[in-house]
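Me: Before I rely on any of the terms used for this model, I would like each one set against its definition. Please go through them with me one at a time.

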Amino acid sequence: MANSDDANRVLASCVECSSVYAARQWPDGEIQAIGNDGCSCGSTDFELVQTVDESSAGETGAE
Ligand SMILES: [Zn+2]
């Protein structure tokens, strides 16, 4: 119950500047960058790039 297993680990890109962040996507579709309230450019809108398999999460571009 302590795990945040309701949220999927994803890669998300800022809609303003296309910076890519590790993020979580919640069941309601909300995408939230991990460790940040939003992008460094000030935007808080992200779009899904790729879903991350938690069992093999680590490096980007791993398949
Ligand atoms: Zn940005």
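Me: Leaving aside neighbours within four places in sequence, which residues is Ile31 in contact with, and what makes each of them a contact?

Reply: In this predicted model, Ile31 is in contact with Val10, Ala12, Ala23, Gln25, Phe46 and Leu48, its neighbours within four places in sequence being left aside. Each of these is called a contact because the two C-beta atoms, placed from the backbone, lie within 7 Å.

Me: Why is the group that holds Ile31 called a nonpolar core?

Reply: The largest nonpolar core has eight residues, namely Val10, Ala12, Cys14, Tyr21, Ala23, Ile31, Cys39 and Phe46. The name applies because such a set consists of buried residues of the listed nonpolar types, joined through C-beta atoms within 7 Å. Strands S1 (8–14) and S2 (20–25) each supply at least two of its residues, and the largest share, three residues, comes from S1.

Me: How do you know that S1 pairs with S2 and with S4?

Reply: Pairing requires at least two bridges, and S1 and S2 have six, in the antiparallel sense, so they count as paired; Asn8, for example, stands opposite Gln25 in S2. Five bridges join S1 to S4 (residues 46–51), again antiparallel, so this pair also qualifies. Val10 stands opposite Thr51 in S4, while the bridge partner of Leu11 in S4 is Gln50.

Me: What makes S3 and S4 the edges of the sheet?

Reply: The four strands form an open sheet in the order S3-S2-S1-S4, with antiparallel pairing. S3 (31–33) and S4 each have a single partner strand, so one side of each is left without a neighbour in the sheet.

How values were computed
Residues are numbered from 1 along each chain as its sequence is written. This is a predicted model: local features need pLDDT of at least 70, side-chain atom pairs count only at pLDDT 80 or more; totals for chains, interfaces and linings use all residues. A residue is buried if 20 or more other C-beta atoms lie within 10 Å of its own, exposed if 12 or fewer, and partly exposed in between; C-beta atoms are placed from the backbone.
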